[in-house]
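Hi,

Here is the structure I said I would pass on.

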Amino acid sequence: MRRGPAAGTEREAPPEAAAQDRPGPAAPSTGPAVEPLPGRPVAPPGPASEPAAGPRVPLHTRPSTVADDGPATGALPVGVPAAAVLASPLGLQRALRPLQAYRTGAAPRRQVLDEGATAELTARAGGLVLPVFRPDNRREALLQLVLDASGSMRVWQRLFDELREVFGGLGAFRDLHVRYLHPTDDGRAAVSRSPHRDGAPLHSTDRLVDATGRRVTLLVSDCAGPLWHSGAAHRTLHRLAGQGPVAVLQPLPQRLWPRTRLQVTFGDLRRGQGVSGAGLLKVVSEGPPPPPGARPVPVLALIPL
């Protein structure tokens, strides 16, 4: 809005300018009413003042060629607050607390002192302290968060960062590894430590496999990138499912899942019976049976359960 004319300096404006400067209908006020203080008159609202003219500064986004650990030459990064993707991170963390009791099927690599057995054996030995240790496999599992670094997944980078914070503060895993899945020129899948393909060296997906079965893999993907069109993502999931627990977190709503490159079968996921089959998962559905050699991979949605 322009500054109103001063008293005594009014002059006739052209019809075009008068039509442009003529105020329109005022919008209804939605703010709270302000009552005057007793004994103090309220001054009528005056004309809006023009802001003081200052130096103009250029603003630009960070180019893709600049690394995340340093700003561009001659530029200063400015943080802009953004809304969180997860509605309730603390609620999600409370829902994931049962994972603290997760035990891997691998042999434990550490032992803890059994105080009761040690006291009993020491008493039988006439005071000679004989410590007794028992295996402990709590927090032996390692969680690896893998993000499909295709072009359509850039909008879900903040979701991936929030999931890393949630699982990092859960206390259910011995360590947390963050990896990014990139397509190579020959259509295969490669693993990197950077969301940008040229940000870090590319390695084979063999680094995601753990023969001891201590790794739990969570792949965040919309299942619509080039890795899913070439079948490299399917082969990676099939291999990881044979070594340990693996799941896919699908950020898209369920009504869009049939349009992706990962066919989803709705059914009941059940665990095998007995000690030997406790780590085996079986899908019971009303559709046709899965082909021989197929391995079930749960697909999770961002909805409260």
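**What I found**

This is a predicted model, and its average pLDDT over the chain is 79, with 73% of the residues scoring at least 70. Be careful with residues 26-32, though: the pLDDT there is below 50, and beyond near neighbours in sequence this stretch has zero contacts in the model.

Now for the inside. The largest nonpolar core has 22 residues, and those with the most contacts inside it are Phe160, Leu163, Phe167, Phe173 and Val220. Two or more residues each come from strand S3 (142-148), helix H4 (157-168), strand S4 (175-183), strand S7 (215-220) and strand S8 (246-250). Which of them gives the most? That's H4, with five residues. To see this up close, click on Phe160: leaving out residues up to four places away in sequence, Phe160 touches Leu145, Val146, Leu147, Val178, Arg179, Tyr180 and Val220. There is also a second, separate core of 17 residues, which includes Leu181, Ala189, Cys223 and Val248.

Last, the charged pairs. The structure holds six salt bridges, and here are some to look up:

- Arg158 and Glu162: their side chains meet at 3.5 Å, N to O. Both lie in H4, four residues apart, which is about one turn of the helix. Arg158 is partly exposed, with a relative accessible area of 39%, whereas Glu162 counts as buried at 10%.
- Asp161 and Arg164: this salt bridge has an N to O distance of 3.3 Å. The two are three residues apart in H4, so about one helical turn separates them. Asp161 is partly exposed at 25% relative accessibility, and Arg164 is partly exposed at 33%.
- Asp185 and Arg197: here the side chains meet at 2.7 Å, N to O. This pair links distant parts of the chain, twelve residues apart, with Asp185 in the loop between S4 and S5 and Arg197 in the loop between S5 and strand S6 (203-204). Is Asp185 buried or exposed? Asp185 counts as exposed, because its relative accessibility is 74% and the cut-off is over 50%. Arg197 is partly exposed at 35%.

Cheers

Conventions
Residues are numbered from 1 along each chain as its sequence is written. This is a predicted model: local features need pLDDT of at least 70, side-chain atom pairs count only at pLDDT 80 or more; totals for chains, interfaces and linings use all residues. Side-chain values use heavy atoms; hydrogens and water are left out. A nonpolar core is a set of buried Ala, Val, Leu, Ile, Met, Phe, Trp, Tyr and Cys residues joined through side-chain atoms within 4.5 Å. Buried means under 20% relative accessible area, exposed over 50%, partly exposed in between (1.4 Å probe, protein chains only). Contact means heavy atoms within 4.5 Å. pLDDT is the predictor's confidence in each residue, from 0 to 100. A salt bridge is a side-chain nitrogen of Lys or Arg within 4 Å of a carboxyl oxygen of Asp or Glu.
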